Amino acid sequence: MISYAKQVPICKSVRSTIERSFAGIGDISFRAKISSIPTVESILRAVSLYPNLNTEEELRAFMIKHILSDLRLTKDQQELFKK
């Protein structure tokens, strides 16, 4: 597992990227979701339950999946976000 000291900046980066993406979409429903993005601490608690996340890519993928599932986006919103 990647050390906690390395997880923190990765998590902040992922969270910030998603936040900027939501702000850039231009859809009011996405902007409203920005305040619902889980905190860094919340995301890292979820990461701690999965000690098999050994690479940065796995860690980033997990964090993105965790954030998006926590926001409960509709299928249409998920597709819009992927674009």
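1. Helices (H or I, at least four residues) and strands (E, at least two) are DSSP runs, numbered from the N terminus. Gln7 sits in one of these, helix H1.

2. Before going further: this is a predicted model, where local features need pLDDT of at least 70, side-chain atom pairs count only at pLDDT 80 or more, and totals for chains, interfaces and linings use all residues. Residues are numbered from 1 along each chain as its sequence is written, and side-chain values use heavy atoms, with hydrogens and water left out.

3. On confidence, pLDDT is the predictor's own score for each residue, from 0 to 100. The protein chain averages 91, and 99% of the residues score at least 70.

4. Now back to Gln7. It's buried (under 20% relative accessible area, 1.4 Å probe, protein chains only), with a value of 5%. Leaving aside residues up to four places away in sequence, Gln7 touches Met1, Ile2, Leu44, Val47, Leu59 and Met63; contact here means heavy atoms within 4.5 Å.

5. Gln7 also takes part in the meeting of H1 with H3: Tyr4, Gln7, Val8, Cys11, Lys12 and Arg15 on the H1 side, with Val40, Ile43, Leu44 and Val47 on the H3 side. By class, the residues of this contact are seven nonpolar (Ala, Val, Leu, Ile, Met, Phe, Trp, Tyr, Cys and Pro), two charged (Asp, Glu, Lys and Arg) and one polar (the others, Gly among them).

Definitions and conventions:
Buried means under 20% relative accessible area, exposed over 50%, partly exposed in between (1.4 Å probe, protein chains only).
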